[in-house]
Amino acid sequence: MLLTACLGFSLTAQAAISLSGTRLIFEGKNKEASIIVRNEGSKVLVQSWIEIDTPGDSGELPFAVTPPLAKMQPNGQQLLRVLYAGKSDLPTNKETVLWLNVQEVPEQVDGENTLQLAIRQRIKLFYRPAGISGTAADAATGLTWQLVQQAGKPALRVVNSSAFHVPINTVDLSATAQQEKLTTPFMIAPGETRYLTLKNAGISFQARLSFKAVNDFGGVDTFNAQLVSGSSVQAQRATP
């Protein structure tokens with residue numbers, strides 16, 4: 001019955017807007033950060049807001065997006081500005097990750113039995129308080145990696161001692177005639193220790209590590225290191 005009902009509607013669900021970046025960096029020394037919204041379709045209403053990255057946290061955020069609502073003409077552009085109130089409970093010694101939501105609401109179309117969907121785009125907003133130590137560019141090389149045993153199983157331990165989040169796309173381990181790929185993307189937070197379970201026990205003693213991390217510009221950098229069980233090492237950026 002549901003399928004029959006859906007067949008009676010003309011479905012409109014094509015994204016018209018695009019953003020000028022895949023992430024937004026808010027430097028605490030500045031009063032605002034901005035991103036451009038482009039409309040490549042028909043007239044739309046664009047709604048924007050910010051959410052905390054912690055599930056279930058409904059506390060008030062010290063950020064505002066302006067304009068929160070904007071009408072966009074075909075082939076038009078709109079500058080979204082993210083403003084910071086300056087007083088909050090956010091950490092002052094490390095980076096905080098939030099979400100910037102940009103949702104397009106298409107213009108009402110004529111005719112009956114037409115179903116329209118509001119399509120939302122969501123990108124990470126990295127807030128960096130002024131004066132935190134280190135740089136985001138060096139955070140990936142500051143990660144320490146070690147082959148260990150976790151609950152009796154071989155694992156790869158990674159520790160982030162920096163004040164920045166490090167988004168990682170892939171992790172590859174290789175040894176003589178053996179290889180293991182950990183391709184599920186994840187992001188390791190400041191001060192976090194994470195254990196990645198290994199399926200191949202033969203790699204738990206010695207292996208070549210290669211991982212890819214996403215930088216501030218949305219590009220991917222590659223880092224390499226040689227691992228030996230019991231020793232913590234830091235990776236070096238691969239030469240282009």
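1. Let's start with a definition: rings of Phe, Tyr and Trp (its six-membered ring) pair if their centres lie within 6.5 Å. Keep in mind that you are looking at a predicted model. With that rule, the count of aromatic pairs comes to eight. One aromatic cluster is formed by Phe-26, Phe-63, Tyr-84 and Tyr-127.

2. Have a look at Phe-26 and Phe-63 in that cluster. Their ring centres are 5.8 Å apart and their planes stand at 70 degrees, so this pair is edge-to-face; the cut-off for that label is an angle over 60 degrees. Phe-26 belongs to strand S3 (residues 23-27) and Phe-63 to strand S6 (residues 63-66), so the pair ties together parts that are 37 residues apart in sequence. Phe-26 is buried, at a relative accessible area of 0%, and Phe-63 is buried too, at 11%.

3. Now follow Phe-63 to its next partner. The ring centres of Phe-63 and Tyr-127 are 5.5 Å apart with planes at 75 degrees, so they also make an edge-to-face pair. This pair links distant parts of the chain, since Phe-63 is in strand S6 and Tyr-127 is in strand S11 (residues 119-128), 64 residues apart. Tyr-127 is buried, with a relative accessible area of 6%.

4. Another ring has a charged neighbour: the charged end of Arg-122 sits over the ring of Trp-99, 4.2 Å from its centre.

5. In soluble globular proteins, nonpolar side chains tend to be buried together. Here the largest nonpolar core has 28 residues, and those with the most contacts inside it are Trp-145, Leu-156, Val-171, Leu-173, Leu-209 and Phe-211. Elements that give two or more residues to this core include helix H2 (139-142), strand S12 (144-150), strand S13 (153-159) and strand S18 (206-214). Apart from this core lies another, of 24 residues, among them Phe-26, Val-37, Leu-100 and Tyr-127.

6. Which residues does Phe-211 touch, not counting residues up to four places away in sequence? Among them are Ala-140, Leu-143, Trp-145, Ile-168, Val-171, Phe-223 and Ala-235. The list also includes Thr-170, Asp-221 and Thr-222.

7. Four strands form an open sheet in the order S17-S13-S12-S20, with antiparallel pairing. Its edge strands are S17 (193-197) and S20 (233-234), each pairing on one side only. Between S12 and S13, the antiparallel pairing runs over seven bridges. To find one of these on your screen, look for Gln-146, whose bridge partner in S13 is Arg-157.

Definitions and conventions: Residues numbered from 1 in each chain as written. Predicted model: local features only at pLDDT ≥ 70, side-chain atom pairs only at ≥ 80, totals over all residues. Heavy atoms only, no water. Phe/Tyr/Trp six-rings, centres within 6.5 Å; stacked < 30°, edge-to-face > 60°. Buried < 20%, exposed > 50% of the residue type's maximum accessible area, 1.4 Å probe, protein only. Lys NZ or Arg CZ within 6 Å of the ring centre and 35° of its normal. Core = buried A, V, L, I, M, F, W, Y, C linked by side-chain atoms within 4.5 Å. Contact = heavy atoms within 4.5 Å. Pairing = 2+ DSSP bridges.
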